[in-house]
Amino acid sequence: MAQKKSLMQKAIDAAKKVVAKPITPKKVAKKVVAKPITPKKVAKKVVAKPITPKNSRGLKKFNSYKPKANESYMNKSQIKHFVKILNDWKLELSSDIDRTVSHMQDELTAYADPNDRASQESDMALELRNRDRERKLIKKIDGTLLNIGNDEYGYCNVCGEEIGLNRLLARPTATLCIDCKTLDEIREKQMAK
Ligand SMILES: [Zn+2]
């Protein structure tokens with residue numbers, strides 16, 4: 001028969017239990033590692049923007065083309081010329097867009113000052129609008145190249161007349177002859193009133 005433990009014994013056992021638990025010392029001080037302060041970029045990186053040559057009417061200047069005497073309208077060599085112009089133009093626009101994107105990523109990380117950022121953001125908004133215009137232009141160029149493939153290039157979308165070599169050399173994406181374009185612009189102005 002097991003002897004009933006006395007109250008005293010129970011108390012001692014209880015105390016032992018408590019004592020028996022080893023107390024692991026808590027780590028007290030975490031080593032504070034001094035964070036190196038990285039200096040913010042201060043100077044704005046000036047990226048030289050290539051200037052695309054424009055003629056007096058504010059249009060991009062394309063390589064000229066000198067047709068031979070008696071050359072037929074939209075013959076092979078004219079078509080070849082326009083395909084090259086349009087493809088080069090497209091490449092130029094695409095690389096512009098790529099450059100802007102990486103440029104803006106640089107700038108976003110460069111400014112911590114809210115004032116700097118604000119002016120920076122309005123610059124970017126303008127930049128984005130320009131790029132949006134370029135994207136639309138690329139679409140237009142693609143449409144023009146498609147027209148060339150379909151043998152529809154160089155003729156007015158409205159009246160079917162020749163748009164003309166000179167007009168196309170100035171505006172390779174033109175889809176209207178000068179008469180229809182003029183009428184179109186007059187109508188647009190009237191609509192705006
Ligand atoms: Zn026309």
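Predicted model: local features only at pLDDT ≥ 70, side-chain atom pairs only at ≥ 80, totals over all residues.
**Whole chain.** Show the protein chain as a cartoon. Of its 193 residues, 24% count as buried. For contacts in the protein chain with a separation of 6 or more, 57% are between residues 24 or more positions apart.

**Zinc ion.** Select the zinc ion next. Which residues coordinate the zinc ion? They are Cys156, Cys159, Cys177 and Cys180, each through its SG atom, at 2.3 Å. Along the sequence these donor residues follow the spacing C-x2-C-x17-C-x2-C.

Look at the angles between the four donor atoms around the zinc ion. They run from 105 to 117 degrees, so the arrangement is tetrahedral. The cut-off for that label is that all angles lie between 85 and 135 degrees.

Select cysteine 159, in the loop between α3 (114–149) and α4 (165–170). Then select cysteine 177, in the loop between α4 and α5 (178–192). Because they sit in these two loops, the pair ties together parts that are 18 residues apart in sequence.

Is cysteine 177 buried or exposed? Its relative accessibility is 7%, so cysteine 177 counts as buried, the limit being under 20%. Cysteine 159 has 40% relative accessibility and therefore counts as partly exposed.

How values were computed:
Residues numbered from 1 in each chain as written. Heavy atoms only, no water. Donors = N, O, S within 2.8 Å, 3.2 Å for Na, K, Ca; no water. Tetrahedral: all angles 85-135°; square planar, octahedral: opposite > 155°, others 65-115°. Helix = DSSP H or I, 4+ residues; strand = E, 2+ residues; numbered from the N terminus. Buried < 20%, exposed > 50% of the residue type's maximum accessible area, 1.4 Å probe, protein only. Contact = heavy atoms within 4.5 Å.
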